[in-house]
Amino acid sequence: MNLSRITCAFSALALLSITGCDAIRAIPSGEDSVRVVEVAIFEGGYGIEWHRSMAEQFNREHADEGFRIELWGDPRTADILKPRLLRGDPPDLILDERLPVWLLIAAGKLVPFTDALARPAHGGDSSWGDAFATGMLDMFRSDGQVYAIPAAYGAWLCWYDARQFREHGWEVPETWDAFLELCDTIQAEGIAPIALQGKYINFYGWNTYVSLLHSAGGLAAINRVNALEPGAFSHPDAVRAAAFMQELATKYFQRGALAMTHTESQLQFVNNHAAMIFCGIWLENEMKASMPPDIELRSFSLPPVADARGNSAMLHGQGMEFLFVPKDARYPEEAFEFARYLVSPQFAPDMARSIGVISPLAGGTPPESVTPALQSVLNAIDRAPGIYNVRLRTLFPEWTTQVMQGAISALFRGEITPEEFGERMDAGLARSVEQTERPIPPYTPYDAAAFGELP
Amino acid sequence: MRTPRGFILAFLAPALALFCVFVAWPSLRALIYSLQRWDGLGTPEWIGLKNFQALFEDDLFLDALGHNLILCLGAGSITLVLSLLFASLMHRRIRGANLFRVVFFFPNVLSAVAIALIWMFMYSTTEFGAINALLEWIRPGLQAIGIHALDDALPFPFTDSKYLIVALLPMMIWTATGFYMVLFLAAMQSIPEAYYEAARLDGASPIRQFWHVTFPMIREVLTVGIVFFVISSAKFFDAVWVMENQNPTPESHVMATVLYQKIFTEYNMGYGAAVAVLLFALVFVTTAVTLRLSRKEALEF
């Protein structure tokens with residue numbers, strides 16, 4: 001046996017084992033004939049089946065244009081895509097705002113939608129940019145450029161089963177005091193008043209607090225927080241909101257809620273073990289496979305607290321399910337085209353019918369295309385003179401996970417006072433603002449007076 | 001006959017190449033990153049040891065280190081004692097030993113994620129939670145004998161971040177005991193029966209036999225077991241990640257989840273790499289110290 005040949009063979013095998021995978025991956029399928037545009041979709045409450053059917057339809061309509069969409073989705077898109085973004089090999093279009101969009105914007109890693117928004121809306125009369133409802137493009141706007149566009153309208157609401165309410169003779173509360181009285185009544189009947197998705201407290205708990213913050217302090221309180229004003233959370237209005245939140249958590253949240261995942265707690269709610277739950281619009285679609293057929297899902301905005309400074313008709317909402325195009329995308333133009341197709345006046349009604357998404361486009365969702373549950377959301381949207389939101393979660397991920405999450409948990413367990421909660425939130429935020437090396441995008445305050453509130 | 005050098009190299013080359021590409025090179029890169037400030041997207045900046053300095057001033061990391069220590073000492077001590085006890089019982093051929101061996105070893109054939117999910121369901125505060133159901137079932141009995149600890153405590157939120165680290169201890173013990181039991185049993189079975197016969201003739205009780213025959217003769221394997229446990233509890237990740245729904249809090253973080261969060265949530269590459277380097281150093285030092293402290297002349301038999 002010739003040993004040098006064996007040596008060569010093993011060396012070649014070793015080299016192949018090291019380089020082989022990359023060599024194979026470097027040859028994209030169909031590179032010569034068709035450009036493959038990769039689209040990654042977060043598989044959350046709205047699933048990906050509708051998006052997949054849209055990609056197939058888009059491919060059929062653009063069969064002769066030399067490219068095709070390849071769409072995939074996963075509940076862990078963020079985890080899957082983080083290493084790909086870091087190594088400069090991202091998909092062409094991404095739907096997942098759980099990725100650090102602001103960080104990507106600051107690092108110049110996203111392409112703005114400026115040109116795409118100037119094109120006509122697919123199936124509409126205006127430009128794509130003008131077709132969006134007020135406030136929907138604000139979340140990721142920097143230096144006048146829009147870096148991510150929402151595929152859905154997001155609103156934060158309290159959900160209930162109208163059938164259960166009717167059977168027990170409960171009424172939808174109009175004021176905060178009536179809300180607490182209702183909670184007492186429900187509790188007295190042996191049912192938990194409110195379910196909570198405790199394992200995502202920095203999202204579900206936080207958003208409910210923000211609703212109360214607006215109610216207690218109005219847009220002025222929201223502006224203080226968004227403008228990163230020192231002491232914004234220790235302001236008397238913010239402390240009052242925290243006190244309301246704590247009362248709700250310690251007295252009326254379902255026992256053991258802080259240990260529940262979102263699916264566990266939402267199952268508790270749809271099975272009537274808890275009478276109400278705070279959630280976004282995706283609740284119905286997310287739980288449709290597990291909901292009893294006779295449930296009558298409806299929603300209402302958080303009722304105003306006593307001496308509310310906030311206009312109670314205002315909606316706690318924002319664009320959501322954001323789409324963005326990485327700078328390292330191979331086919332950005334094709335990605336913009338698909339985004340324009342996906343979020344279009346032409347397909348918004350079908351999106352509402354199929355997966356219960358309320359379109360971020362103004363008047364994009366006709367009432368007849370939605371379920372009674374979403375109709376109750378549309379009513380709230382129609383009534384609202386405007387929407388508000390707090391931008392800190394997306395701006396400071398480290399503050400969210402290390403400060404806010406712990407502070408809210410402690411507040412909910414009754415371990416700290418509302419004043420201490422405010423101090424913790426303020427101190428943590430000040431530290432994040434001081435330590436961040438990322439540019440903080442300027443904030444345009446909400447015009448409180450324009451919505452009938454005190455500035 | 002001398003084996004030709006080329007032949008040796010040919011067989012070593014693939015493993016060495018894979019080791020260099022997948023272990024040595026990434027480890028070196030991690031060390032370099034740990035000396036930089038880098039968000040993974042822009043240009044890295046050399047900052048020397050500042051990441052390490054920040055680590056020791058960071059409550060999040062220090063708490064996580066403490067949690068790893070609780071898991072290591074809490075679960076480790078109970079696991080080793082239980083596995084030694086069970087191995088001794090098996091060694092003495094108690095009735096049903098083979099069945100117990102399979103039952104105790106069973107958790108080792110499950111993936112860490114599956115184990116975490118099983119315990120998550122057992123701990124659930126909903127009607128599906130077996131442990132809360134059991135506590136609910138025994139509550140009236142406890143009340144009857146004047147124990148009221150469970151009166152207002154149920155369902156107990158075991159997987160709430162505040163209690164999670166302690167709730168992980170039974171899971172770790174349940175998972176690891178079987179493995180260490182098999183490890184120690186193999187060592188015990190290699191001890192010649194003659195030593196036990198001699199001990200019995202001298203009138204030694206089973207406990208004295210264990211302390212004076214079994215224990216000294218399996219000491220080396222016991223040391224290996226301790227090292228294994230230190231390493232596995234230092235890099236503990238899966239169960240915290242699963243039970244916290246990828247969302248650990250400062251109350252539930254361990255070092256590996258801090259590492260993940262720093263790199264993939266906050267995009268703080270340098271800091272995350274510093275955690276990884278420190279994790280490596282801690283495991284290395286602890287292993288070396290454990291081996292050093294337990295080093296005695298090996299018993300040959």
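Predicted model: local features only at pLDDT ≥ 70, side-chain atom pairs only at ≥ 80, totals over all residues.

Reply: Residues are numbered from 1 along each chain as its sequence is written, chains are lettered from A and ligands numbered from 1 in the order in which they are written, and side-chain values use heavy atoms, with hydrogens and water left out.

Me: Why is Glu244(B) called buried?

Reply: Buried means under 20% relative accessible area, exposed over 50% and partly exposed in between, with a 1.4 Å probe and protein chains only. Glu244(B) has 1% relative accessibility and therefore counts as buried.

Me: Where in chain B is Glu244(B) found, and what does Glu244(B) touch?

Reply: Glu244(B) is in the loop between helix 10 (238-243) and helix 11 (255-265) of chain B. Helices (H or I, at least four residues) and strands (E, at least two) are DSSP runs, numbered from the N terminus. A contact requires heavy atoms within 4.5 Å. Not counting residues up to four places away in sequence, Glu244(B) touches Lys199(A), Thr159(B), Ser161(B), Leu164(B), Ala239(B), Thr249(B) and Ser252(B).

Me: Is Trp137(B) buried or exposed, and why?

Reply: Trp137(B) has 67% relative accessibility, so Trp137(B) counts as exposed. Its place is in helix 6 (residues 130-144) of chain B. Trp137(B) and Met217(B) are 80 residues apart in sequence and 45 Å apart in space, C-alpha to C-alpha.

Me: What makes up chain B, and how much of chain B is buried?

Reply: Chain B has 12 helices and two strands, in the order α-β-β-α-α-α-α-α-α-α-α-α-α-α from the N terminus. Its C-alpha atoms fill a box of roughly 75 × 75 × 30 Å along the principal axes. Of the 301 residues in chain B, 42% are buried. Among contacts in chain B between residues at least 6 apart in sequence, 68% join residues at least 24 apart.

Me: How do you know that Cys183(A) is in no disulfide?

Reply: A disulfide is a pair of cysteine sulfur atoms within 2.5 Å. The structure holds zero disulfides over all chains. For Cys183(A), the nearest cysteine sulfur is that of Cys158(A), 8.0 Å away. Cys183(A) is buried, because its relative accessible area is 0%. Cys279(A) is likewise in no disulfide, with the nearest cysteine sulfur, that of Cys158(A), 10 Å away. Cys279(A) has 0% relative accessibility and so counts as buried.

Me: What makes a set of residues a nonpolar core?

Reply: Such a core is a set of buried Ala, Val, Leu, Ile, Met, Phe, Trp, Tyr and Cys residues joined through side-chain atoms within 4.5 Å. The largest nonpolar core has 162 residues, and those with the most contacts inside it are Phe179(A), Trp206(A) and Met276(A). Helix 9 of chain A gives the largest share of this core, 11 residues. A second, separate core of 46 residues includes Ala97(B), Ile115(B), Leu222(B) and Val240(B).

Me: Which residues line the largest cavity?

Reply: The largest cavity holds about 140 Å³ of space and has 16 lining residues, of which Ser211(A), Leu302(A), Ser312(A), Met314(A) and Tyr388(A) lie nearest its centre. Helix 9 of chain A gives the most to this lining, with three residues.

Me: How many residues of the second largest pocket's lining are charged?

Reply: Ala, Val, Leu, Ile, Met, Phe, Trp, Tyr, Cys and Pro count as nonpolar, Asp, Glu, Lys and Arg as charged, and the others, Gly among them, as polar. By these classes, the lining of the second largest pocket has 15 nonpolar, 10 polar and 19 charged residues. The second largest pocket holds about 1400 Å³ of space.

Technical notes
1 Å grid on protein atoms, 1.4 Å probe; cavity = no way out; pocket = protein on both sides within 12 Å on 5 of 7 lines; lining within 4 Å. Points joined across faces, edges and corners; volume = space filled by probe spheres on them.
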